Amino acid sequence: MDEWQLEMEEIQRRLASLKAHDGDLAIIDELEAELRILNSFYLTALDVLEAGQNDRAAHQGLISERWGDWTLRNVYSFIYEKAMELEPGRRELSSLIPEQDYIAMLREAAN
C-alpha cells in the first residue's frame, strides 16, 4: 500500500468514526470532498502512468517539466501541479482532474 492509499484510508476511518458518533456535518462534508479529490488524483495518476508507459515523448515531457523519471510519484506530482491551475467554477475539482489530457500536455512539453 502506498502513501496515497494510506492517506485515503485514514480519511475513510475518520469519516466512519465521525458518522458513527454523529460528528459535525461540516467536517464530514469537508473530509468527503477531500477524499473525492485525493481519489481523483490517484486514479488519474494511475491511468496516466499506464497510458504513457511506452510513450517516449510523454516520458521526455515529464523530464522537461522537471519531474524526472516515469514513476507514479512524479506523474502524480505533475497532475497535481496542472490541476492546481484549473478554475473549477461551479464544478468540483475532483470531476475536472480526470478530464484533462495530461499525456498531450507532456508530449507538448517534450517539443
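1. Let's start with Glu-3 and Arg-73: they form a salt bridge (a side-chain nitrogen of Lys or Arg within 4 Å of a carboxyl oxygen of Asp or Glu), with the closest N and O atoms 2.2 Å apart. This pair links distant parts of the chain, 70 residues apart, with Glu-3 in helix 1 (residues 3–20) and Arg-73 in helix 4 (residues 72–83). Helices here are DSSP runs of H or I, at least four residues, numbered from the N terminus. Glu-3 is partly exposed at 42% relative accessible area, and Arg-73 is partly exposed at 46%. Partly exposed sits between buried, under 20% relative accessible area, and exposed, over 50% (1.4 Å probe, protein chains only).

2. A word on the source: this is a predicted model, where local features need pLDDT of at least 70, side-chain atom pairs count only at pLDDT 80 or more, and totals for chains, interfaces and linings use all residues. Residues are numbered from 1 along each chain as its sequence is written, and side-chain values use heavy atoms, leaving out hydrogens and water.

3. Next, Glu-32 and Lys-19 make a salt bridge, their closest N and O atoms being 2.7 Å apart. Glu-32 lies in helix 2 (residues 25–51) and Lys-19 in helix 1, so the pair ties together parts 13 residues apart in sequence. Glu-32 is partly exposed at 23%; Lys-19, at 46%, is also partly exposed.

4. Arg-91 and Glu-99 meet through their side chains in a salt bridge, 2.6 Å from N to O. Arg-91 is partly exposed at 40% relative accessibility, and Glu-99 is partly exposed at 49%.

Definitions and conventions:
Helices (H or I, at least four residues) and strands (E, at least two) are DSSP runs, numbered from the N terminus.
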